[in-house]
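Thank you all for making time this morning.

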Amino acid sequence: MILCLGLAADPTFTAGVQALRRAGVEFRSVDLPSLAMRGSVRIPLESPGDTELSLAGESHRLGDFAAVWCRLMDVSSAAPTSELAAAAAGQAEALARILESVPPKVMNSPLREASGFTKVLHAVTLGEVGGWRIPETCLTSDAAEASRFIRSCRNGTIFKGASAWKTWATVFEARHEPLLPRLGHLPVLFQERVIGPDVRVHVVGDQSFGELIDSPVLDYRTVRGVNKYSPLIPPREIADGCARLTEYCGVPLLGVDFKIERATGTWFFLEANSMPCFEGYDERAGGAISRAIVDWLSTPDR
């Protein structure tokens, strides 16, 4: 039996639930906003496996499940009252902590991969684990330092936010130059531009599923209908590095992003997401990613 914890409004969570249903795997699903509004969580500190989630007349004891499919999000900012906001925030923190110490295996434990809270640490640390190059990078709140770095980049410069919040990469252009003094208020991440296609590799346990994306724009996620998607078998050194990454991070599911420099064929590691939105990639892969997720969740640990 699989326990599914997430948001009914999250298409990635529901894609995982639907994959379990298609495979005929027995599961129970809990919508976390509903749990915060109308349910309860009981956590016996002396026995984490006896943690019980109760909602709509049903109770679910964590220790009764073989595995947990988890897309834990803190939705407290969207709560209609301060009381519900406090309940949702407390619930999210409690579940994140308790999922670190319960008997079922979890995909993915929310607190395992925390380096993404700062992108430079994330890229340097995980790039070294994978054995990959990363683009030349400068994180700064100093306008002069940023200007020097930008001038040093042969192929141009991109910039983006440095925190864990979702951010869009942007090509640095002359019109951005007058804005550099604003760096004194907030540091920004600058990188030398890598010209070439993107690659997303989804790693599920010891399996890798690659896709090559050619796009006319810098960030392929910002456009629809113009990108060219092609299946890609990752080279052995990339697949092996991805396997090391999942082991290092302690999570079985990662979405790993690369750029391939078109002129040289060199792979550059960008980041690894421990809560990847995989459903679009999965659809183009004929359901291979979701089937691997189901297999991992439903196969007992040896």
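What follows is a short tour of selected features of this model.

Before the details, please keep in mind that this is a predicted model, in which local features need pLDDT of at least 70 and side-chain atom pairs count only at pLDDT 80 or more, while totals for chains, interfaces and linings use all residues. Residues are numbered from 1 along each chain as its sequence is written, and side-chain values use heavy atoms, with hydrogens and water left out.

Let me begin with the sheet. Four strands make up an open sheet, in the order β8-β11-β9-β10, with antiparallel pairing; helices (H or I, at least four residues) and strands (E, at least two) are DSSP runs, numbered from the N terminus, and two strands pair if DSSP finds at least two bridges between them. At the edges sit β8 (137-140) and β10 (170-171), each of which pairs on one side only.

Within this sheet, β9 pairs with strand β11 (residues 188-192) in the antiparallel sense over four bridges. Looking along that pairing, I158 has Q191 as its bridge partner in β11, and K160 has L189 as its bridge partner in β11. Towards β10, β9 is joined by two bridges, again running antiparallel, and there the bridge partner of F159 is T170.

Strand β9 itself covers residues 157-160, and T157 is found in it. Is T157 buried or exposed? T157 counts as buried because its relative accessibility is 3%, where buried means under 20% relative accessible area, exposed over 50%, and partly exposed in between, with a 1.4 Å probe and protein chains only. Leaving aside residues up to four places away in sequence, T157 touches F149, I150, T170, V171, F172, F190, Q191 and R193, a contact being heavy atoms within 4.5 Å.

The C-alpha atoms of G39 and A56 are separated by 7.1 Å, although the two residues are 17 apart along the chain.

Now to the charged pairs. Side chains of opposite charge can pair when their charged atoms come close. The structure holds 11 salt bridges, each defined as a side-chain nitrogen of Lys or Arg within 4 Å of a carboxyl oxygen of Asp or Glu. One of them joins the side chains of D10 and R71 at 3.0 Å, N to O. This pair links distant parts of the chain, with D10 in the loop between β1 (2-6) and α1 (11-22) and R71 in the loop between β6 (67-70) and α3 (82-98), 61 residues apart. Both D10 and R71 are buried.

The side chains of E93 and R97 also meet in a salt bridge, at 3.3 Å, N to O, but here both residues lie in helix α3, four residues apart, about one turn of the helix. E93 is partly exposed, with a relative accessible area of 47%, whereas R97, at 53% relative accessibility, counts as exposed.

A further salt bridge brings together the side chains of D214 and R262, at 3.3 Å, N to O. D214 lies in strand β13 (residues 207-214) and R262 in the loop between β15 (253-260) and β16 (267-273), so this pair ties together parts that are 48 residues apart in sequence. Finally, D50, R61 and D64 are linked in a network of salt bridges.

The structure holds three cavities of 30 Å³ or more; on a 1 Å grid over the protein atoms alone, a cavity is a set of points where a 1.4 Å probe fits but cannot get out, and lining residues have an atom within 4 Å of a point. Which residues line the second largest cavity? Its lining consists of T12, W69, C70, R71, M107, N108, L253, S274, M275 and P276, and R71 is the residue that also meets D10 in a salt bridge.

How values were computed. On a 1 Å grid over the protein atoms alone, a cavity is a set of points where a 1.4 Å probe fits but cannot get out, and a pocket is an open set with protein on both sides within 12 Å along at least five of seven lines; lining residues have an atom within 4 Å of a point. Grid points are joined across faces, edges and corners, and a volume is the space filled by probe spheres set on the points.
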